Amino acid sequence: MIAIPYLTALTTYFSYGLLFAFGQFRDFFRKLIDWSKANTLQGYAPICLGLEDFYIRRLYLRIQDCFGRPISSAPDAWFDVVERYSNDNNKTLKRTTKVSRCLNLGSYNYLGFAAADEYCTPRVIETLKKYSPSTCSSRVDGGTTVLHNELEKYVASFVRKPAAIVFGMGYVTNSAILPVLMGKGCLIISDSLNHNSIVNGARGSGATIRVFQHNIPSHLEEVLREQIADGQPRTHRPWKKIIVIVEGIYSMEGELCKLPEIIAVCKKYKAYTYLDEAHSIGAVGKTGRGVCELLGVDTADIDIMMGTFTKSFGSCGGYIAGSEVNNLNSPLIIRKISYWKTYALKAQSQRSKGRCDIHLAIDLIKYLKYTCPAHLYATSVSPPAAQQIISSIRVILGEDGSNRGAQKLAKIRENSNFFRSELQKMGFEVLGDNDSPVMPIMLYNPAKIPAFSRECLKHNVAVVTVAFPATPLLLARARICISASHSREDLVKALQVISKVGDLVGIKYFPAEPLKQHQDGKAVKFD
Amino acid sequence: MAEAVMNFVNTTLDWVTGALDMPSARAQVFGFQIGGHLFIEVFLLVVILFLLSQKSYKPPKRPLTNKEIDELCDEWVPEPLIPSLNEEPYAPPVLESAAGPHTVINGKEVVNFSSANYLGLIGHKKLLDSCSSALDKYGVGSCGPRGFYGTIDVHLDFEARIAKFLGTPDSILYPFGFSTMFSAIPAFSKKGDIIVADEGVHWAIQNGLYLSRSTVVYFKHNDMKSLRETLENITSKNKRVDKLRRYIVVEAVYQNSGQIAPLDEIIKLKEKYKFRVLLDESNSFGVLGKSGRGLTEYSGVPIEKLDIVTADMGHALAAEGGFCTGSTRVIDHQRLSSSGYVFSASLPPYLASAAITAIDILEENPELLSKLKNNLSVLWKELSKVPGLKITSNKESPIVYLKLEKSTGSQKDDLCLLEKIAQRVLEEDSVFVVVSHRSTLDKCRLPVGIRLFVSAGHSEYDLRRASESLKRVSAQVLGGHN
């Protein structure tokens, strides 16, 4: 949990209160002006209701220039940020032709595959020429090429699962799979800080949703016990099935999931587990296989492994890798089991029994291929993007004949741990765990968001600041994403700039030296 | 017994009258005679205070003991993660080359009717060139959502280009066509709002309707009478209707039937009943209208009359992603409220660049559209005589949709028959057509059918080959059935 200093909480509330009051004040006059004008939309309710976009109009627009900054190059370690200007108090921003070369601390380019790569790019272009950019068809119609099948095999073996299915977008992977797996009478227990795609998928499924406190296995156990004992609301029938959804690395916290403990709880209570590795796959673990490898969890204990290709692999799309589902009622399986049983008897070997398990395991992915809407209706992964994933996995595994993959993995770990410890030494409040390449720096006060972001950009360091829709109102933060493509000099420069700006903005909340009082005073003045 | 009671009552009455006759009972305060009230009132007050001080009655609560919960947890048996599957799922043919009008399956060249490559842009040289130069410049992925350095200048260029092409003030680019509708609808419609939707809309829209938690009323597929009745019903029944946001959600060309929505009538109804219209142009953008601007151009309706227009770029534009276009307010609202836009990595820049080029090609080569129209009319004429199958699609829809003339009564059996036809057509005559597979989550109840996505890249010979083959095979397969 984040312990917010009392004074900071007070000043943050005060700032938001002030912004809210001024916003309401301006809205009041806006209403008067609108009222005096002839209304063309008589009889229609306004398309955006008053308070629904109040936040955008009155708060977000003031600091709009800190978000959505366009770039005009690959999101590599250094990139070109396009300069923008505004003639109407930030309401609209216009692009200029001027760019500034900035150090990129914002993109999820964990392994540095975002830019052209000596191994991947030629293969991607070759694939583009062979397969064109799109198949214009869904996977189940005419969108399955040799490449897609190959990709699924690569992904399955990379995450150490028997089978996998890929989709054209990571967000869709979560939001279209959950309705397939869960339905009425099922229970989804979700970490309180899970990504919006999981939340949307859970809502779309029609199942009951319960939340457990972020990354606290004991609370998960409490919720599970209570829910199993109570059963479904009102009818008190037992739940049909329960699934626990967690993420490998939480993108806004930089924390690693307490996976071993959570898996133990889930096993004890027979709940299924769903692990979203959007930020962790490829980025952590000795061979880049994600949190399971890092924390020593057997992938067989996780029923559904989900991940995306947007981050470490520098491509797009998402995957689901399936676990053994012992669905013994299925006639298909019964047939297969009897077949394998006879086969096993004949062969009298252990090996054929192992293969029997694999057949059972493929079942989940088969079922998804049979009925998942994203597989049936959505355009399949763009072939060049699929090739990028295959090639980058090959590089990570060293199948390209070099040890660049291992170097990249070592580099990102070293870079992340160096950067995190330096930030902590300076007195910043940094969230997250060691080894995680994501490190949020707490800002709290709304005025510090644009101040930090703009000052860093002035010094040619591009950082991401995150505020309300993505985080709780009080807990605004800046987020640093470290990449394997950053050199030590890049990081040292970034640290210098961040330290300087941190002093200016007053966000070194932790007492590096006895300067704390002074800084707090400054923070209030800044508001 | 009775005597005892009488005695008791008498003594009580004596006591009360005695109390009332007491000198203090007749005390006067400020000139008012208080009488015996005071005693009774004080007594009542004491009783009330006494009752208040007592604990209220609660049925004894006996929460489950830990042991009982342990037992319940032990006893609980979850269902398997997935239900049993009674059939071997359909395994689609695997393409060994680009999904153009001709493709390779199992080492054999086949005519491809499964790809919504309406303008035949797959494999177009200009498109490939723009993609490869974008790949060189930007790499493959954008590595971030639009808000966090995932906005690349080609994204903005595309948004400006599409707005200019369609004549709208602004547009917004989504990273995936499938997520466009199910993000855009919940951004504008919330709990309590009313949506009137066609019953034939595809799953992405259905999901958007569900996620919005609005009141959704379906009308009969492409039936304007039913739409009118539904609108009339809603507006007359609900008195607060003026305060609610009301939307009509339709597709331009229905993916599930190939029919074209009569936009001019919808606009008339919308204006009469004051609804807003959301139109999905996924299968009509780049196809319908004189210059491919979609259903609005085709029906001669100015695009300003529509409030929200969405489209999938994975069809005619031969790229991937989706866009939504409309007024500045509508677009700006989505930039922070639309989940599929805010919380997802942006479109790979090479696909945005491909889409820009595709629009350029469309503008420069209007003959692509006339070729497509010509192809459609040829195929339509040929296929109207297929024994046992009936065309349900509109004459100008790029999806030619054939359903069984006589349904077997179950969707599954229908699908089986159609699959058999498609499989034989592919194996025997190398024509690749697809059957409309439906997810078990899909609420659409329109009949299943064989879908042919016609492309400007098909030659007349391809079309004849397809229709001849379909005629021959369906006569054989359905001959016994009918």
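In an unreviewed UniProt entry, the annotation "domain: Aminotransferase class I/classII large" covers residues 109–469 of chain B; UniProt positions are given in the numbering used here, feature names are shortened, and annotations may be inferred rather than shown by experiment. Over residues 109–469 of chain B, the chain is 45% helix and 16% strand, with the end C-alpha atoms 15 Å apart. Helices (H or I, at least four residues) and strands (E, at least two) are DSSP runs, numbered from the N terminus.

The model is predicted: local features need pLDDT of at least 70, side-chain atom pairs count only at pLDDT 80 or more, and totals for chains, interfaces and linings use all residues. Residues are numbered from 1 along each chain as its sequence is written, while chains are lettered from A and ligands numbered from 1 in the order in which they are written.

The predictor gives the complex an ipTM of 0.87 and a pTM of 0.86. Per-residue confidence is expressed as pLDDT, which runs from 0 to 100. Chain B averages a pLDDT of 88, and 96% of its residues score at least 70. For chain A the mean pLDDT is 85, with 87% of the residues at 70 or more. Within chain A, the pLDDT is below 50 over residues 327–361, a stretch that has 36 contacts in the model beyond near neighbours in sequence. Residues 513–527 of chain A also stay under 50, and the model has 19 contacts for them beyond four places in sequence. Where pLDDT is low, the predicted coordinates should not be read in detail.

The domain bounds come from an automatic or database domain assignment. In chain B, the assignment gives domain 1 (17–77), domain 2 (102–121 + 366–481) and domain 3 (125–364). The C-alpha centres of domain 2 of chain B and domain 3 of chain B are 26 Å apart. Between these domains, 25 residues of domain 2 of chain B are in contact with 24 residues of domain 3 of chain B, contact being defined by C-beta atoms, placed from the backbone, that lie within 7 Å. On the side of domain 2 of chain B that touches domain 3 of chain B, helix H15 (367–383) and strand E13 (399–404) of chain B each supply at least two residues. This side has 15 nonpolar, seven polar and three charged residues, where Ala, Val, Leu, Ile, Met, Phe, Trp, Tyr, Cys and Pro count as nonpolar, Asp, Glu, Lys and Arg as charged, and the others, Gly among them, as polar.

In chain A, the assignment gives domain 1 (6–104 + 405–526) and domain 2 (120–331 + 362–397). The centres of domain 1 of chain A and domain 2 of chain A, taken over C-alpha atoms, are separated by 30 Å. Each of the two domains contributes 15 residues to their contact. Helix H14 (404–426) and strand E10 (438–444) of chain A are the elements that give two or more residues to the side of domain 1 of chain A that touches domain 2 of chain A. That side divides into nine nonpolar, four polar and two charged residues. UniProt, in an unreviewed entry, also lists residues 6–25 of chain A as "transmembrane region". This span is 100% helix and 0% strand, and its end C-alpha atoms lie 28 Å apart.

The contact between the chains takes 106 residues from chain A and 96 residues from chain B. Helix H3 (residues 120–131) of chain A provides seven residues, the largest share of the side of chain A that touches chain B. The residues of this side comprise 54 nonpolar, 36 polar and 16 charged.

The axes of helix H6 (residues 196–205) of chain A and helix H8 (residues 203–212) of chain B come within 9 Å and cross at roughly 90°; axes are lines fitted to C-alpha atoms, for helices over the stretch in contact, and angles run from 0 to 180 degrees between N-to-C directions. H6(A) is therefore roughly perpendicular to H8(B), as angles under 35 degrees count as roughly parallel, over 145 as roughly antiparallel, 65 to 115 as roughly perpendicular and the rest as oblique. A:Asn200, A:Arg203 and A:Gly204 of H6(A) make the contact with B:Asn207, B:Tyr210 and B:Leu211 of H8(B). The axes of helix H7 (residues 217–230) of chain A and helix H3 (residues 66–75) of chain B come within 9 Å and cross at roughly 75°. Here A:Arg225, A:Ile228 and A:Ala229 in H7(A) meet B:Ile69, B:Leu72 and B:Cys73 in H3(B), a contact with five nonpolar, no polar and one charged residues.

Note on methods:
pLDDT = per-residue confidence, 0-100.
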